[in-house]
Amino acid sequence: MEDIKGMSSAEMVVTFVFMAFFGALLFAIPLFFIIFIFTDWTTAKATTLWWSSCVAIVFSIFATINENEKKEKSDRNLYEAKSVMGTLNFQAKKFFQSDDIYVAIDKDFSRLLISRPGRRAEIIKREDVYEMVLEVDEEVVSKSSSGMGGSLVGAAVGGVITGGVGAIVGAVAGKNPSHQTKSGIRSVSIKMAVNSNDSPLVVIEFLNSDVTYEKSSMVAKHHLNEANNWWALLTVFMRKDAA
């Protein structure tokens, strides 16, 4: 296997500096009040910058290490996916990559490659996808089934999914009104129930944030547009050559 190094030296330096600056701003005010409580105003003013800088440096070290580990994990996942594609003559027409998943569609829409960190990359055929939903803030806004017997019912599915059909329906088509917003979004994802003994639930997350983004914002538009494009691609994949 090729040497997977994660972030480059330049990327690590940029990440460290950004995190240090962000950390200094983040910890300055809380530290000022803590020092003021235990000492006095003059001491707090004189020492807050020093203490916040020290805490920020420690914070940035751990943050940089964490980002590097995430990059290494993502790179290894990508390497695994490309190895499988090379072996099976899989030519990707379109791909999506995040820290948790790599998904690609073959140029003739006959196969779907799914690779997740710590697991072997899988090749999924159209008939292996039972159901697919598009969720915004954990609310199903669009749903599609393979046309091979309906929406996750029947012995064929029950024998694949641990915990029975009900468990996977709850996971795929989950709703949580407490996270829904009227003018903004926090999460956008496509979830699929596939024929796999190891991991029948495939989740492609385009956005998963604690911050609420207005639907008119560039961030929200970007992720919604990306999710819509993949929804269209996967729908074509599921329906192509269907009788």
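## A bridge to start from

In strand β8, L201 is the bridge partner of A193. Strands here are DSSP runs of E of at least two residues, and helices are runs of H or I of at least four, numbered from the N terminus. Strand β7 (residues 184–194) and β8 run antiparallel and are joined by 9 bridges; two strands count as paired if DSSP finds at least two bridges between them.

This is a predicted model, in which local features need pLDDT of at least 70, side-chain atom pairs count only at pLDDT 80 or more, and totals for chains, interfaces and linings use all residues. Residues are numbered from 1 along each chain as its sequence is written, and side-chain values use heavy atoms, with hydrogens and water left out.

## The sheet around β7 and β8

These two strands belong to an open, antiparallel sheet of 4 strands in the order β6-β5-β7-β8. β6 (139–145) and β8 (201–214) are the edges, each with a single partner strand, so one side of each has no neighbour in the sheet. From one strand to the next, the twist averages 10°. Angles run from 0 to 180 degrees between N-to-C directions, with axes fitted as lines to C-alpha atoms, for helices over the stretch in contact.

Helix α5 (residues 218–239) lies across β5 (129–136), β6, β7 and β8, running at about 165° to β5.

## The other sheet

A further open sheet of 4 strands has the order β1-β2-β3-β4, again with antiparallel pairing. Its edge strands are β1 (92–97) and β4 (122–125), each pairing on one side only, and the twist averages 20° from one strand to the next. Helix α2 (residues 41–87) packs on this sheet, touching β1, β2, β3 (111–115) and β4, and its direction makes about 150° with that of β3. Contact means heavy atoms within 4.5 Å.

β1 and β2 (residues 102–106) pair over 5 bridges, and F95 has A104 in β2 as its bridge partner.

## Helix α1, with its bend

Where does α1 bend? The bend, about 40°, is at A28, and a proline, P30, follows within four residues; it is the angle between axes fitted to the seven residues ending there and the seven starting there.

Buried residues (under 20% relative accessible area with a 1.4 Å probe, protein chains only; exposed is over 50%, partly exposed in between) in α1 are T15, M19, A20, G23, L31, F32 and I35. They pack against α2.

## The chain as a whole

Altogether the chain has 5 helices and 8 strands. Of its 243 residues, 37% are buried.
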